[in-house]
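Please prepare a briefing on the predicted model shown below, grouped by topic and with the cut-offs behind each term stated once.

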Amino acid sequence: MTKRQTILTAGATGSIGHAAALALAKRGARVVLLGRRAEKLRSRADSIREVLTDVGVEHEVADIATLVIDFSDMDSVRAAAEEALHRFPAVDGLVLSVGALIQGGPTVLPSGHEVMFATNVMGPFLFTNRLLERMQQSDGLVLHVIARFPETLDWDDLESLEHHRSMDAFNRTKVCNRVIAGELARRYAGRISSVAFDPTFVLDKSDPELKDRWPSGFAGLVWRLMAIFRAKRPEIAGEPLAELMLSPRDRGSVNGALFVLDKRSDERDEAMDDEAEGARLWDRLELLTEPSPS
Ligand SMILES: NC(=O)c1ccc[n+]([C@@H]2O[C@H](COP(=O)([O-])OP(=O)(O)OC[C@H]3O[C@@H](n4cnc5c(N)ncnc54)[C@H](OP(=O)(O)O)[C@@H]3O)[C@@H](O)[C@H]2O)c1
């Protein structure tokens, strides 16, 4: 019998993360739902268990676990990583599907960091780093859910604190995700694998919190029109994502690749391939996520 994999899913209370966790669990993986709100996590876990029961997938309550983490708060990220190492002796994969889009701003946290940069970039980077050693023991795979926005990074204002337009600032965090996906693939080649996954455009139209997530202004109008005409159901991304995570193939063969749903892309991604930016961003994030001296 093949070993059951343990897959941690960050952003599991969101559209893609939830669809991914459900699809993984249906395929027999143990899933750990990561999120900042304990109650919402519990309810997501219960709903996955219900579906598993409905479709006749045998499971124990502990097969759908939860872990509270606030990705905007590096102390919370460190504590959650410690807890994960303590609770999960094997970590076969990590899905990074965290995303905060905050209007107005810049919103500066007590730590001094901009909230979208902290949540979308620093927190996932720090959490991944803390788990790398554990994941190396099981040929681990890190899957970054990415968006291909054509922004460039501003090294003098990486967090968009000085010149802040919310959509541009958000898009830059998404560029950082691709840069780090590529850099992780290069740094840890042969030890763990890193892939980028483009979900195209999916939306859970039944999500009661959706209206709080729309951008304002023109971008909001575009999103609303796209939601009507273009958005697909979250499972359209969740299913191929789970297939990719659990595929029995040699994971090294996908290291550094970009997937668009179930297709491996032939196109190269500039941000993923930029070795100089990758090294620079990795080093900067290491500094930014260091514990502050007490
Ligand atoms: N949907 C798309 O079409 C699409 C396309 C390309 C890329 N993406 C990217 O894919 C990722 C997921 O997208 P989605 O559509 O599933 O978004 P979503 O439904 O808005 O989900 C975002 C997730 O991030 C979590 N999150 C936000 N702030 C957090 C924090 N401080 N700590 C912990 N978790 C936090 C949310 O938790 P709460 O439930 O607590 O808010 C939620 O689980 C995002 O990075 C997005 O940019 C999405």
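Pro106 lies in the loop between β4 (93-96) and α4, where helices (H or I, at least four residues) and strands (E, at least two) are DSSP runs, numbered from the N terminus. A cis peptide bond joins Gly105 to this Pro106, with omega at about 10 degrees. The model is a predicted one, in which local features need pLDDT of at least 70 and side-chain atom pairs count only at pLDDT 80 or more, while totals for chains, interfaces and linings use all residues. Residues are numbered from 1 along each chain as its sequence is written.

- Asp139, in the loop between α4 and β5 (141-145), has a phi near 50 degrees, a positive value in a residue other than glycine.
- Asp139 is partly exposed, with 15 other C-beta atoms within 10 Å; a residue is called buried if 20 or more other C-beta atoms lie within 10 Å of its own, exposed if 12 or fewer, and partly exposed in between, with C-beta atoms placed from the backbone.
- Thr200, in the loop between β6 (193-198) and α6 (210-213), likewise is a residue other than glycine with a positive phi, here near 60 degrees.
- Thr200 is exposed, with 12 other C-beta atoms within 10 Å.

**Surroundings of the ligand**

- Of the 27 residues around the ligand, Gly11, Thr13, Gly14, Ile16 and Gly99 come nearest, a residue being counted as near a molecule or strand if its C-beta atom, placed from the backbone, lies within 6 Å of it.
- Helix α1 (residues 15-26) gives the most to this shell, with three residues.

**Nonpolar core**

- The largest nonpolar core has 74 residues, of which Leu24, Leu143 and Leu241 touch the most other members; such a core is a set of buried Ala, Val, Leu, Ile, Met, Phe, Trp, Tyr and Cys residues joined through C-beta atoms within 7 Å.
- Helix α4 gives the most to this core, with ten residues.
- Not counting residues up to four places away in sequence, Leu24 touches Ile7, Ala29, Val31, Ala242, Met245 and Leu246, two residues being in contact if their C-beta atoms, placed from the backbone, lie within 7 Å.

**Helices**

- Helix α4 (residues 115-136) has 22 residues and reaches 30 Å from its first C-alpha to its last, close to the 32 Å expected at 1.5 Å a residue, the expected span being 1.5 Å times one less than the number of residues.
- At Arg130, α4 bends by about 40 degrees, the bend being the angle between axes fitted to the seven residues ending there and the seven starting there.
- Helix α7 (residues 217-229), with 13 residues, reaches 19 Å between its first and last C-alpha, close to the 18 Å expected at 1.5 Å a residue.
- The number of buried residues among the 13 of α7 is zero, so α7 lies largely in the open.

- Glu277, in helix α10 (residues 275-288), is buried, with 22 other C-beta atoms within 10 Å.
- Leaving aside neighbours within four places in sequence, Glu277 is in contact with Leu153 and Val179.
- Arg187, in helix α5 (residues 166-187), is partly exposed, with 15 other C-beta atoms within 10 Å.
- Arg187 and Trp282 are 95 residues apart in sequence and 10.0 Å apart in space, C-alpha to C-alpha.
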